There are 2 protein chains.
Amino acid sequence: MPSPDAPSPLGWSLAALLREWKQRVAATCSELPQGSRGYEVLSAVVHDEPPTQAALAARLGIDRTVMTYLLDELDAAGLARRQPDPSDRRARRIVATARGREVVTGLDATVARAEDELLSTLDPDERATLRTLLERAASGAAPHDDRCAVVGGTIAPAP
Amino acid sequence: MPSPDAPSPLGWSLAALLREWKQRVAATCSELPQGSRGYEVLSAVVHDEPPTQAALAARLGIDRTVMTYLLDELDAAGLARRQPDPSDRRARRIVATARGREVVTGLDATVARAEDELLSTLDPDERATLRTLLERAASGAAPHDDRCAVVGGTIAPAP
DNA sequence: GACTATCGTCTGCTCAGCAGATTAAATATC
DNA sequence: GATATTTAATCTGCTGAGCAGACGATAGTC
């Protein structure tokens, strides 16, 4: 679908793949509120344990005002909760409930399958290469999420 | 930025890269209406010469109702025109004006530079690999744009 | 000639991104 | 210690894009 002489449309490839990814992941995550978005948020909460709501939003590139009602829905669904941060009473720490962790663990597998199917044009080696390169490129190109990287680990404030 | 144990967040990488791509391309395409969108459309018109407005929209994954006012703006800017399709009076053939072709040609170079900068974390070989794999994956995963592929060439109706 | 499908347009709905204001709390300055 | 500045989260309102539905015009089919 690319083009005869066009200069390898990077934007098109990214957009097309992302569109398909969202669609397929949303299909396997119908139990979650917000579809693929809900999965990304909950997955980030479980796997990365970002320190605060703001850090979570920055990490996923989601607007903080959107994050507010997004978390409202995850809360209402009993998958994540907001806890007051003991070290900063303005901030909220987002934690997954037991059920939330359970759901994410289950979905990780099906999402992985969906992604493999999405990349079925490539053989396993190429898939791994694509993933690696994408991740490196994205990490490098992302606008300085320094704050996220710095505080990112767990709670671990600077010594 | 990825995660300690998360399963290689494909969606995150794609979204982050695409976001950055749009931003940088939009910055170099400020002269175009609709920023990066305008570039994609005009570029597709010039390089691929899709037969009709509908084919153009399908190719770029843009809704046809959006395409309508998008082309309105490109028309108003004197970069592209709608021509009646002689073989089907319902359809419109989209053609770039001389100025439109000129603008795209100029932008292709600067966009290529912006993309290289976007992928500056990767060395040239890796960039090429990423582009190739992305394009193959996207072409393979895209929902059957058959109609686009079939009619895609130029005008060339089936013999 | 009647039926159905397609192309482009228009209308209206919804959701996400974004800017701005607000409240509460932390931090810096005097 | 009082005050000013900054930051976290929420709320409000605006815009832009995707999407569904309807429409008029045309094409292909029986």
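Modeller: Ala, Val, Leu, Ile, Met, Phe, Trp, Tyr, Cys and Pro count as nonpolar, Asp, Glu, Lys and Arg as charged, and the others, Gly among them, as polar. By that rule the surface near DNA strand C has four nonpolar, six polar and nine charged residues. This is a predicted model, in which local features need pLDDT of at least 70 and side-chain atom pairs pLDDT 80 or more, while totals for chains, interfaces and linings use all residues. Residues are numbered from 1 along each chain as its sequence is written, and chains are lettered from A and ligands numbered from 1 in the order written.

Colleague: What makes a residue count as near a strand, and which are closest to DNA strand C?

Modeller: Its C-beta atom, placed from the backbone, must lie within 6 Å of the strand. Around DNA strand C there are 19 residues, the closest being A:Arg89, B:Gln53, B:Ala54, B:Thr65 and B:Ala91. Two or more residues each come from H4 (64-76) and S2 (88-96) of chain A, and from H3 (53-60), H4 (64-76) and S2 (88-96) of chain B.

Colleague: Which residues come nearest to DNA strand D?

Modeller: A:Gln53, A:Ala54, A:Thr68, A:Arg90 and A:Ala91, out of 19. Here H3 (53-60), H4 and S2 of chain A and H4 and S2 of chain B give two or more residues each.

Colleague: What makes something a helix or a strand, and how many of each has chain A?

Modeller: Helices are DSSP runs of H or I with at least four residues, strands runs of E with at least two, numbered from the N terminus. Chain A has seven helices and two strands, in the order α-α-α-α-β-β-α-α-α.

Colleague: What makes a residue buried, and which in H5(A) are?

Modeller: Buried takes 20 or more other C-beta atoms within 10 Å of its own, exposed 12 or fewer, and partly exposed lies in between; C-beta atoms are placed from the backbone. In H5(A), the buried residues include A:Gly100, A:Val103, A:Leu107 and A:Glu115. In chain A, 40% of the 159 residues count as buried.
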